[in-house]
Amino acid sequence: MKNRIEEIRKDKGIRQEDFARALGVSRQTISSLETGRYNPSIQLAYKIARYFDLTIEEVFLFED
């Protein structure tokens, strides 16, 4: 699953550390999400989308 987390975060001028703190995860988790090495739980995906005021589908790109 691909995502737009890094793109959205950088467009909004948010540092990984600040984003991680707001979500209650480590900076390493954010890094792993952005590089595609980690797929979030549905709860974390929802938190991320909600933080950016977007839908999950706008942040995460599902491919067959």
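Student: Is Phe52 buried or exposed?

Tutor: Phe52 counts as buried, because its relative accessibility is 3%. Buried means under 20% relative accessible area, exposed over 50%, and partly exposed in between (1.4 Å probe, protein chains only). Keep the source in mind: this is a predicted model, where local features need pLDDT of at least 70 and side-chain atom pairs count only at pLDDT 80 or more, while totals for chains, interfaces and linings use all residues. Residues are numbered from 1 along each chain as its sequence is written, and side-chain values use heavy atoms, with hydrogens and water left out.

Student: How do I read an aromatic pair, and which ring stacks with Phe52?

Tutor: A pair of aromatic rings is described by the distance of the centres and the angle of the planes. Rings of Phe, Tyr and Trp (its six-membered ring) pair if their centres lie within 6.5 Å; planes under 30 degrees apart count as stacked, over 60 as edge-to-face and the rest as tilted. The count here is 3 aromatic pairs. Phe19 and Phe52 are stacked, at 5.0 Å centre to centre and 25 degrees between the planes. Phe19 sits in helix H2, and Phe52 in the loop between helix H4 (42-51) and helix H5 (56-59), 33 residues apart. Helices here are DSSP runs (H or I, at least four residues), numbered from the N terminus. Phe19 counts as buried, at 0% relative accessibility.

Student: What is the geometry of Tyr51 and Phe52?

Tutor: Their ring centres are 5.5 Å apart and their planes at 75 degrees, so this pair is edge-to-face. Tyr51 counts as partly exposed, at 35% relative accessibility. Ring pairs link Phe19, Tyr51 and Phe52 into a cluster.

Student: Now charges. How many salt bridges are there?

Tutor: Side chains of opposite charge can pair when their charged atoms come close. The rule for a salt bridge is a side-chain nitrogen of Lys or Arg within 4 Å of a carboxyl oxygen of Asp or Glu. That gives 5 salt bridges. One of them joins Glu6 and Lys10, with the closest N and O atoms 3.0 Å apart. Glu6 and Lys10 are 4 residues apart in helix H1 (residues 5-11), which means a separation of about one helical turn. Glu6 counts as partly exposed, at 32%, and Lys10 as exposed, at 51%.

Student: Which residue does Glu34 pair with?

Tutor: Glu34 forms a salt bridge with Arg9, the closest N and O atoms being 2.6 Å apart. Glu34 lies in helix H3 and Arg9 in helix H1, so the pair ties together parts 25 residues apart in sequence. Both Glu34 and Arg9 are buried.

Definitions and conventions:
Helix = DSSP H or I, 4+ residues; strand = E, 2+ residues; numbered from the N terminus.
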